[in-house]
Amino acid sequence: MASFEQALPELMKKYAVPGGAVAVVRDGRLIYARGFGYADVESRAPVQPDALFRIASVSKTLTSAAIMTLVEEGRLRLDDRVAPFIAHLAPAPGTTVDPRWEQITVRHLLNHTGGWDRGKPNGGFDPIDRPGIAAAAVNAPAPASSETLIRYMKGLPLDFDPGARFAYSNFGYIILGRVIERVSGMRYEEYVRAHVLQPVGANRTRQGKSRLRDALADEVKYYRPNLGVDAPLVPSVFPGEGLVPLNYGGYYIEAGDASGAWVSSTVDLLRFLTRVDGRASPPDILGPQVVAEMTGSGPDQCAGGACYYAFGWWVRPAPSDATWWHGGDMPGTKAMLVRSQNGFAWVALFNTAAPGSFITELDVALWNALGSITSFPTHDLFSTFR
């Protein structure tokens, strides 16, 4: 695996990435897991192979899998309307709920066709970026919780008819977290851990917290590109806390529990992936029909239908299989999870939000590194990690 040992340090140095971890699976076996650089620059603590990182939107793959467990059990249908599950969350006083809310289904939320467009010119926004505004609108404590964000958004019009088109939406996945809670009777994190993570052995994966003092044991420290952890300072989302580093209190991770708040390791994520990947070994926690439905279709996102967004996965079909992937990006974090059509899978996690070109080059570098290997390890490292 020498090609990895060369490619990763060079790329991290080019983009001033303090630390990262990469792991690779081949035919269900963990053949490579390595940490690079620093988990904590100030103390010079190195990144361990199974260090914990915020995984941002890679979290959506976990939420999708949790929804599909409920579908498989017959407790939820993909075309169930969402409105009844959140009927108890009242909009701001004096506002009117857009009647199109009644058309939104679980399927719409899974494939980002629910009706919200954060990139809409002249007014598009992501409600998770308005923790103070949303809380004030419904007279709720700040920063706004997941439920508060839903109440706030209920008082605003949708941007398009549900199902009409694709627009990536963290908010849609926040609603899915509440659907899981209403159907299961369990808190979102508890359900995902009990029905997705623990069955695959991903026992160290937890929900992340906004403040540095609440970081998990073995969690890396997060940095702004070329700026360090302490600069620049921004107003805290927590009232009365003054100025804080953006990575630690400048945004409210907890409200995005189902869209981007999980903290995990490369090893845990590959434990999860190898148990939902539609392959015979190791056995999946979802039946083949459910896995096929989870990844089988969605809004086209590449020219000529070369790729699409299914349920929590981008999918690129191949003649005999498909490649699935999802990225994650928030201040202080870059993440990528890939299941290739040729039996490989890999995860890469980093503790800074390097520019988009970093992930593009990383993708090329890792595929090139795989392509240059002529003899792969035959061991399975999963058992060496807790």
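# Chatting through a predicted model

Reader: Hi! Which residues does tryptophan 116 touch, leaving out those up to four places away in sequence?
Author: Hello! This is a predicted model. In it, tryptophan 116 touches Trp101, Ile104, Leu109, Met153, Leu158, Asp159, Phe160, Ala167, Ser169, Phe171, Gly172 and Ile175, with residues up to four places away in sequence not counted.

Reader: Nice list. Which members of the largest nonpolar core touch the most other members?
Author: Tryptophan 116 is one of them, along with Leu30, Ile67, Met68, Trp101, Ile175 and Leu270. That core has 91 residues.

Reader: And which helix gives the most to this core?
Author: Helix α6, residues 170-184, with eight residues. Another core, of 28 residues, lies apart from it; Phe36, Leu362, Ala365 and Leu370 are among its members.

Reader: How far apart are the end C-alpha atoms of α11?
Author: They are 23 Å apart. At 1.5 Å a residue, the 16 residues of this helix (356-371) should span 22 Å, so the two values agree.

Reader: Switching topic: how many disulfides does a search of the whole structure find?
Author: One. It joins cysteine 302 to cysteine 307, with an S to S distance of 1.8 Å. The link is right-handed, with 70 degrees about the S-S bond.

Reader: Is cysteine 307 buried or exposed?
Author: Buried: its relative accessibility is 2%, and the cut-off for buried is under 20%. Cysteine 302 is partly exposed, with a relative accessible area of 22%.

Reader: Now salt bridges. How many are found in the whole structure?
Author: The search finds 24. One of these is between arginine 77 and aspartate 80, where the closest N and O atoms are 2.9 Å apart. Arginine 77 is exposed at 59% relative accessible area, whereas aspartate 80 counts as buried at 14%.

Reader: What does aspartate 126 pair with?
Author: Arginine 118, with 3.7 Å between the closest N and O atoms. Aspartate 126 is buried, at 8% relative accessibility, while arginine 118 is partly exposed at 39%.

Reader: Which residue meets arginine 204 in a salt bridge?
Author: Aspartate 218, at 3.5 Å from N to O. This pair links distant parts of the chain, 14 residues apart: arginine 204 is in the loop between α7 (188-200) and β5 (206-207), and aspartate 218 is in the loop between β5 and β6 (233-235). Arginine 204 is buried at 11%, and aspartate 218 is partly exposed at 43%.

Reader: Which residues are linked in a network of salt bridges?
Author: Glu147, Arg178, Glu181, Arg187 and Asp257.

Reader: Great. Where are the cis peptide bonds you can tell me about?
Author: One runs from alanine 142 to proline 143, with omega near -5 degrees. Proline 143 is in the loop between α4 (131-137) and α5 (146-154). Another joins serine 281 and proline 282, with omega about -10 degrees. Proline 282 lies in the loop between α9 (266-273) and α10.

Reader: Last one: what is phi of alanine 16?
Author: Near 55 degrees, a positive value in a residue other than glycine. Alanine 16 lies in the loop between α1 and β1 and is partly exposed at 33% relative accessibility. Arginine 44, also not a glycine, has a positive phi of about 60 degrees; its place is the loop between β2 (29-40) and β3 (45-46).

Notes:
Residues numbered from 1 in each chain as written. Predicted model: local features only at pLDDT ≥ 70, side-chain atom pairs only at ≥ 80, totals over all residues. Heavy atoms only, no water. Disulfide = S-S within 2.5 Å. Buried < 20%, exposed > 50% of the residue type's maximum accessible area, 1.4 Å probe, protein only. Helix = DSSP H or I, 4+ residues; strand = E, 2+ residues; numbered from the N terminus. Expected span 1.5 Å × (residues − 1). Salt bridge = Lys/Arg side-chain N within 4 Å of Asp/Glu carboxyl O. Core = buried A, V, L, I, M, F, W, Y, C linked by side-chain atoms within 4.5 Å. Contact = heavy atoms within 4.5 Å.
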